[in-house]
Amino acid sequence: VVTEVTTPSLGVGYEIGYALHKVHKPVLCLCQQGINLSAMLNGNTNSRLRIVFYADLPQALAETNQFLKSMSS
């Protein structure tokens, strides 16, 4: 699962929780640099959760590609 979490959203938070705890899927959370994440993400120690702060769209896309490639191996 790939999510963009710069703006807090209960729906996205629910999807992240569902992916991690119900179906045990890895989750990539992309967030613009300089943003404070919600406590739900900051305090989550699940090994399948990866949080990446990005500066621009090319960096976000590169991180997404790297994440997806790691899922295929």
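Reader: What volume does the largest pocket have?

Author: Rolling a probe the size of a water molecule over the atoms shows where empty space is left. Here the largest pocket has a volume of about 200 Å³. A pocket is an open set of points on a 1 Å grid over the protein atoms alone, where a 1.4 Å probe fits, with protein on both sides within 12 Å along at least five of seven lines; lining residues have an atom within 4 Å of a point. The model is predicted: local features need pLDDT of at least 70, side-chain atom pairs count only at pLDDT 80 or more, and totals for chains, interfaces and linings use all residues. Residues are numbered from 1 along each chain as its sequence is written, and side-chain values use heavy atoms, without hydrogens and water.

Reader: Which residues are closest to its centre?

Author: Thr 7, Pro 8, Ser 9, Ser 38 and Leu 41, of 17 lining residues. α1 gives the most, with five residues.

Reader: Which residues form the largest nonpolar core?

Author: A nonpolar core is a set of buried (under 20% relative accessible area, 1.4 Å probe, protein chains only) Ala, Val, Leu, Ile, Met, Phe, Trp, Tyr and Cys residues joined through side-chain atoms within 4.5 Å. This one has ten residues, including Ile 16, Leu 20, Cys 29 and Cys 31.

Reader: How many disulfides does a search of the whole structure find?

Author: A disulfide is a covalent bond between the sulfur atoms of two cysteines. The cut-off is a sulfur pair within 2.5 Å. The search finds zero. The sulfur of Cys 31 is 8.9 Å from the closest cysteine sulfur, in Cys 29, too far for a bond.

Key. Points joined across faces, edges and corners; volume = space filled by probe spheres on them. Helix = DSSP H or I, 4+ residues; strand = E, 2+ residues; numbered from the N terminus. Buried < 20%, exposed > 50% of the residue type's maximum accessible area, 1.4 Å probe, protein only.
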